[in-house]
Amino acid sequence: MSDQKHGTKKRRPLRKLHIGMDAVTGRIVAATLTDRGVDDAAQAGPLLDQVADPVTALLGDGAYDRNSIYADMTARYPKAGVIVPPRVDAGFSDTAETRRLSWQRDSGYNLRALVEA
């Protein structure tokens with residue numbers, strides 16, 4: 001069967017929505033839409049440019065564990081924290097699993113999951 005006969009079209013390219021959220025209020029404070037191949041960490045600056053209120057912390061997944069993120073946050077918000085999990089290739093101790101769960105709870109890292117919900 002031909003695509004022309006049944007009116008099917010080419011698939012549209014996927015896009016990726018990057019959003020910044022206030023973890024306390026749940027309000028979306030910044031957003032960018034990119035092609036799916038764009039690096040998440042590259043969008044931190046454009047997202048921060050949209051935020052009007054002071055930022056106290058950036059919570060992100062492992063994609064945000066980059067020197068450029070730490071430098072950008074230090075330049076913009078010197079007292080703000082960057083809360084990201086250790087890199088995938090980080091060396092872990094025997095107690096890594098329990099320590100990681102404690103770290104997630106104590107650091108507030110799990111708040112970043114609210115943006116996905």
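Strands β1 and β2 form a hairpin, with six residues between them. In its turn sits G26, which has a positive phi of about 80 degrees. This is a predicted model, so every value here is computed from it.

Look at the two strands themselves. β1 covers residues 15–21, and β2 covers residues 28–35. They pair in the antiparallel sense, over seven bridges. Take one example: H18 has T32 as its bridge partner in β2.

Now stay with T32. This residue lies in strand β2. Is T32 buried or exposed? Its relative accessible area is 13%. Buried means under 20%, so T32 counts as buried. What surrounds T32, leaving aside its neighbours within four places in sequence? T32 is in contact with K16, L17 and H18, and also with Q43, P46, L47 and Q50. With Q43 there is a polar contact as well, from side chain to side chain, at 3.1 Å.

Next, turn to the largest nonpolar core. It has 15 residues. Which of them touch the most other members? They are V55, L58, Y64, I69, M73, Y77 and V82. Two helices, α2 (44–49) and α3 (67–76), each supply at least two residues of this core. The largest share, three residues, comes from α2.

Finish with Y77, one of the core residues that touch the most other members. Again leave aside neighbours within four places in sequence. Y77 is then in contact with L48, V51, D53, P54 and V55. V55 is also on the list of core residues that touch the most other members.

Notes. Residues numbered from 1 in each chain as written. Predicted model: local features only at pLDDT ≥ 70, side-chain atom pairs only at ≥ 80, totals over all residues. Heavy atoms only, no water. Core = buried A, V, L, I, M, F, W, Y, C linked by side-chain atoms within 4.5 Å. Buried < 20%, exposed > 50% of the residue type's maximum accessible area, 1.4 Å probe, protein only. Helix = DSSP H or I, 4+ residues; strand = E, 2+ residues; numbered from the N terminus. Contact = heavy atoms within 4.5 Å. Pairing = 2+ DSSP bridges. Polar contact = N/O pair within 3.5 Å; in protein donor to acceptor, adjacent residues only side chain to side chain.
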